[in-house]
Amino acid sequence: DLIRILGLRFCYVRLRESKALHADDCIKFFAAGWERPIYCRATGLTMTLDISGTMEQIKSGFFNNWRKALKKSSKAPFEIVEFRDVKSIANLYYELKKLKNLSVREIYSEDYIKSLLDTHKDNLIVLGAMDCNGDLVSIRGAICHKLNATDMIAATSTVGRSLSASNAVL
């Protein structure tokens, strides 16, 4: 029991393999006690971005709507800061839940967020956009390992959406 061995309260494992998953593979996973989550925490799509070039080279590969949103976010009155306050992150997810009419199971709970932050410590980098009133309007967190970063936390408030804050935090 992985959760018991590692002493975790939550365990969510995403398998991303370069080969196609076949029915035999699924049967082996199910026979070993694995199950698909009721609510997936992702669309199943993966995007990668090569960030080894200059900022201008990176932006040149973006679609026009992304470039516009980045430009809009660069003029918005907020500050990007490293952020680790569990309660504020959970409140932002709760606002996202109401905004998008999501169920409780489709958002990260305060306990889950705390578990992520505690488990990954310095490897989980969380950035937040704070508006001019000092309120958190957008957040994004990624687990960094060697040369890769995996996006794990992302939520934006109504105010943050109007400012394109999620683009700036990314």
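Student: What covers the buried residues of α5?
Tutor: The cover includes α6 (110-120), β2 (124-131), β3 (136-145) and β4 (148-156). Contact here takes heavy atoms within 4.5 Å, and helices (H or I, at least four residues) and strands (E, at least two) are DSSP runs, numbered from the N terminus. Mind you, this is a predicted model, where local features need pLDDT of at least 70, side-chain atom pairs count only at pLDDT 80 or more, and totals for chains, interfaces and linings use all residues. Residues are numbered from 1 along each chain as its sequence is written, and side-chain values use heavy atoms, leaving out hydrogens and water.

Student: Which residues of α5 are buried, and why say they line one face?
Tutor: They are Val-86, Ile-89, Ala-90, Leu-92, Tyr-93, Leu-96 and Lys-97. Looking down the axis of α5, the buried residues fall within an arc of 155 degrees, so they line one face of the helix. That arc is taken from the directions from the helix axis to the C-beta atoms.

Student: Why is Asn-167 called buried?
Tutor: Buried means under 20% relative accessible area, exposed over 50%, and partly exposed in between (1.4 Å probe, protein chains only). Asn-167 has 14% relative accessibility, so it counts as buried. This residue sits in helix α8 (residues 165-169) and touches Trp-66, Ala-69, Leu-70 and Ser-73, leaving aside residues up to four places away in sequence.

Student: What makes Cys-132 exposed and Cys-144 partly exposed?
Tutor: Cys-132 is exposed because its relative accessible area is 65%; Cys-144, at 26%, is partly exposed.
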